[in-house]
Amino acid sequence: MVGYGVAFALMGLVVAWAVVNLVSLGKATDAILSENYRSILAAENMVDALERQDSGILLMFLGNTEKGIAQFRENEAVFFEWLARAKDNITIEGEAELVHSIEADFATYRRKFSALTDLRGQDKMPLRSSYYQETIYPLFAKVRAACIDLRNLNEETMYAASVRAGSVARRAIWSTALVAASALIVALMFSLILAERIVGPIRRFMEASRKISEGDYTVQVPVETGDELGRLAGEFNQMANQLGQYHEINIEQIIAEKNKGRAILSSIEDGLMVFDTKLKVTGINPAARRLLDLGFAESGPLHCEDIFPDQNVCDLIRKTIENGTQPGVPDEQRIVTLPNGEGSRHYLFSVTAIRGRERNLSGIVLLLRDVTRLKEVERLKSEFVMAASHELRTPLTGLSMSVDLLLEHAAQGLPEKDRDLLQTAHEEVDRMKALVNDLLDLSKIEAGRIELEFESVPVPTLFDHARAIFKSQMDMKQVALTAEPAADLPSVRADANKITWVLTNLISNSLRYVSKGGHIRLTAHRVGPHVHLSVRDDGPGISPEYQSRIFQKFVRVKEAEAGGTGLGLAICKEIVRAHGGAIWVESSPGQGSTFTFTLAVYS
Ligand code: ADP
């Protein structure tokens, strides 16, 4: 408002000054017109009328009396009219005396003229030129000279007024220019001061903002005025204070969280490592250092492959980086064995992706859980089962032989009831023998006691062998067993005996569950570096909740036929795994089942 006020005041001053000057100029012009111009006009017309009257008199002397008198009278009226106007416009000094003398002299002049006309009327004397020369002309000349004086007087005054008006105009121009120039200078200075007053604080705000962005939250902008800028400065300072406080709180929280995380990582027994997406170690906890036997200096430039000679760990991390999540790898394949003093220890490893703000992958956490004890317990258990089944086999064989002999030789002499009891004992002993054999096989595999003899095995040979084994059973149950290996199937890398065991186990399961007139199909086809072998039947199928569990030990579907041990598929799984393959089932109740396992192509 002050800025606008000053600008308006200066503009008003210049305009007012210009108006004052214009008014005084107007007045000067007006004065010239009203005071002098009318008197000049009157004097000129009086001279004209006077000269025409004089001409009228001369006409009379020339003998044209009537016309001369008429001209005189006519112009006499004109003279009086202009004289009256001159009398009405007496404005300057000396003008009144001049007009009075004109009036008086003109009256004399008229009187002399009247005397002249009277003489002519009475015809007392003829018109003489000497009368004109001596009496009339001098009067005429005097009045005319007085009229010219009147005109000159007014002309001089008019000139003086015009000179005065000129000087007024010049003064007006200069003074207006001077006032305008000084107003301009004042306005310029004022706007500079005003601009500085506005821009100065903004500059200080900019400087303060820059400092805040550099992390200096102690910066304050001086509050100099109570206007909008002053209030803004107050708010700005408050904002800087609060930002500083938030910053402090954030830093404290971050430090607290970091310390918490560090404390957790240091206290857990599991080894924990963090990798970036290039598989470089970015963090490692003391437990991981210990179990990997890493010194404190070694961590920064280490690569996954420098630490784990076992390819599986780095492969799993790599796959997790590619997929975004850990691929579903069974626990048994996620064990890494690391040297420890004289012996070695086993660790179950799992990986978890770390995601950034935009959900993009920023790193990988690798957890190493020591499962040495669990493995040891597992091994002891298998050894115990193995020893127990081994010990049980000898008495069981004796028992079986005795029952067989009894059934063969003494059964005829026994009553029917006792014969049935003996028959039941024979069946139960057989079942027990099968269970003990299965347990022994499984524990041997689990304890790593079976030695696989890998060789190149053609799949059709495997299928033919299996069909030969089951020939009589198939005929008995009237079940068709067909083998349909794909053409050009490569040989597989396998231990033929063990894989025949798997195949016969799967076929005997199918045979158990298909009804009379059913169909069992053996198929095989190549998928990349593997061959998929399947046993498909059109039996009752397996409900989904059992499909993943039937490969565990002693798991049997509730309504399954009696006679099995619940160990067959568990043994199959162990054998296939020992071959580096996988086994699974696809089935739906009423639609039959397809058991598939994979073997590597022999190369
Ligand atoms: P078992 O000795 O009892 O057959 P397995 O481990 O071989 O033990 O099989 C586990 C269970 O899987 C069986 O009890 C049975 O319920 C189911 N099963 C296996 N094969 C088939 C099949 N071809 N059709 C239907 N169910 C099957």
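1. Basis. The model is predicted, so local features need pLDDT of at least 70 and side-chain atom pairs count only at pLDDT 80 or more, while totals for chains, interfaces and linings use all residues. Residues are numbered from 1 along each chain as its sequence is written, and side-chain values use heavy atoms, with hydrogens and water left out.

2. Strand 1 and strand 5. Helices (H or I, at least four residues) and strands (E, at least two) are DSSP runs, numbered from the N terminus. Two strands pair if DSSP finds at least two bridges between them. Strand 1 covers residues 271-275 and strand 5 residues 361-370; five bridges hold them as an antiparallel pair. Within this pair, M273 stands opposite L366, and V274 stands opposite V365.

3. Strand 1 and strand 2. Strand 1 also pairs with strand 2 (residues 281-284), again in the antiparallel sense, over three bridges. Here V274 faces G283 of strand 2. The hairpin of these two strands has five residues between them, and L279 takes a positive phi near 70 degrees. Four of the five residues of strand 1 are buried, where buried means under 20% relative accessible area, exposed over 50% and partly exposed in between (1.4 Å probe, protein chains only).

4. Strand 4 and strand 5. Strand 4 (residues 343-355) runs antiparallel to strand 5, with nine bridges joining the two. T352 stands opposite V365 in strand 5. Their hairpin has five residues between the strands, and R359 has a positive phi near 65 degrees.

5. Which order do the strands of the open sheet take? The order is 7-9-10-12-11, and the pairing is mixed. Strand 7 (480-485) and strand 11 (583-587) are at the edges with a single partner strand each, so one side of each is left without a neighbour in the sheet. From one strand to the next the twist averages 20 degrees. Axes are lines fitted to C-alpha atoms, for helices over the stretch in contact, and angles run from 0 to 180 degrees between N-to-C directions. Strand 7 pairs with strand 9 (residues 519-527) in the parallel sense, over six bridges, and A483 stands opposite L522 of strand 9.

6. Helix 11 against the sheet. Helix 11 (residues 459-477) lies across strand 7, strand 9 and strand 10 (530-537), and runs at about 175 degrees to strand 7. Its buried residues are V459, L462, F463, A466, F470 and M474. Elements covering these residues include strand 6 (455-457), strand 8 (492-494) and helix 12 (496-513), as well as strands 7, 9 and 10. Contact means heavy atoms within 4.5 Å.

7. Shape of helix 11. The expected span of a helix is 1.5 Å times one less than its number of residues. For the 19 residues of helix 11 this should give 27 Å, and the end C-alpha atoms are 26 Å apart, which agrees. Helix 11 bends by about 55 degrees at F470; the bend at a residue is the angle between axes fitted to the seven residues ending there and the seven starting there. Just after the helix, Q478 takes a positive phi of about 55 degrees.

8. S182 lies in helix 4 (residues 129-213). How far apart are S182 and S456 in sequence and in space? They are 274 residues apart in sequence and 113 Å apart from C-alpha to C-alpha. S182 is partly exposed, with a relative accessible area of 37%.

9. Aromatic pairs. Rings of Phe, Tyr and Trp (its six-membered ring) pair if their centres lie within 6.5 Å; planes under 30 degrees apart count as stacked, over 60 as edge-to-face and the rest as tilted. By this rule the count is 11 aromatic pairs. One of them is the tilted pair of Y109 and F140, with 6.4 Å centre to centre and 35 degrees between the planes. Y109 sits in helix 3 (residues 95-122) and F140 in helix 4, so the pair links distant parts of the chain, 31 residues apart. Both Y109 and F140 are buried.

10. Y132 counts as buried at 9% relative accessibility, whereas Y137 is partly exposed at 38%. One aromatic cluster includes Y109, F140, Y132 and Y137, and among its other members are F61, F72 and F113.
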